[in-house]
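Let's take a look at the charged side-chain pairs here. Have the sequence and the model open while you read.

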Amino acid sequence: MKVFVTGVGGQLGHDVMNELNKRGYEAIGSDVVELVSAYPYVQLDITDSEAVGKAITEVNPDVVIHCAAWTAVDMAEDDDKVEKVRAINAGGTKNIAEVCKKLDCKMVYISTDYVFDGQGTEPWQPDCKDYKPLNVYGQTKLEGELAVSQTLDKYFIVRIAWVFGLNGKNFIKTMLNVGKTHDTVRVVNDQIGTPTYTYDLARLLVDMIETDKYGYYHATNEGGYISWYDFTKEIYRQAGYTTKVIPVTTEEYGLSKAARPFNSRLDKSKLVEAGFKPLPTWQDALSRYLEEIEY
């Protein structure tokens, strides 16, 4: 099986390439910047439809795993960035979906809990169509979802949340750095979800492309729903930090530029129903992750 992966400079794309190679598949990576890669690599701007058509057609893959996205949530709200964010998350995704249709290959699109309004306490179902994104990032990722589902039949749309991996910035790295220099930290306790370790997610995505069980899925680690406050406490506990964590509401913490969902609970039962192996618990994922990084 030959697989084309976008966004390999990011946390997830990096791990997907490693997983594909581990299983002996032919993997070709791409990103908007020039990268020194151990694997075959194409520099590609996904907003350029002609370049996308040429690059993917030349590779002629069986599957495209589309990890590239604009993910800077607050910066996406800047008036001078909205057009660019939409061009990447919606337009770029449409460009890829159209080539997949021509080549009749499978496509995996990585989406987010931000396509929902984050209200209530009920976990979001993968086939729920009650979309009400709170911010530009969520809206443009939803437009990407629709571009895929309206163009293709052979697709996996996989929504994830609270992502962390080796390659790049994330919440864990931030909290470890803050914990080194502060005796106390304030962390919100009214936003609820579950973390997703890209190493574990990459394994699941490759499991998925080995099947034709297409559709919408939710994928985060197991281990229960928690707040960012709970997550921080466990990060410090496992890391051996004595930093005190003080719970605050989102309102008390101070509003970020982009509105954040309070309810990021994603129902993952469809994964098991389809015969896929769930991700390990987030507590276990955190433990393995801390062994991998220097802090």
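A quick cut-off before we start: under 20% relative accessible area is buried, over 50% is exposed, and anything in between is partly exposed. Keep in mind that this is a predicted model.

## The overall count

How many salt bridges does the structure hold? The count comes to 18. Three of them are picked out below.

## Arg288 and Asp200

Arg288 and Asp200 pair up through their side chains, with 2.8 Å from N to O.

Glu210 and Arg23 form another salt bridge, at 3.2 Å from N to O. Glu210 is in the loop between α6 (198–209) and β11 (215–218), while Arg23 is in the loop between α1 (11–22) and β2 (26–31); the two are 187 residues apart. Both ends are partly exposed: Glu210 has a relative accessible area of 40%, and Arg23 has 28%.

This pair also belongs to one network, in which salt bridges with shared partners join Glu19, Lys22, Arg23, Arg203, Asp207 and Glu210.

## Asp104 and Lys154

Asp104 meets Lys154 in a salt bridge at 3.3 Å, N to O. Asp104 sits in the loop between α3 (82–103) and β5 (106–112) and Lys154 in the loop between α4 (136–151) and β6 (155–160), so the pair ties together parts 50 residues apart in sequence. Asp104 is exposed at 52%, whereas Lys154 is partly exposed at 26%.

Conventions: Residues are numbered from 1 along each chain as its sequence is written. This is a predicted model: local features need pLDDT of at least 70, side-chain atom pairs count only at pLDDT 80 or more; totals for chains, interfaces and linings use all residues. Side-chain values use heavy atoms; hydrogens and water are left out. A salt bridge is a side-chain nitrogen of Lys or Arg within 4 Å of a carboxyl oxygen of Asp or Glu. Helices (H or I, at least four residues) and strands (E, at least two) are DSSP runs, numbered from the N terminus. Buried means under 20% relative accessible area, exposed over 50%, partly exposed in between (1.4 Å probe, protein chains only).
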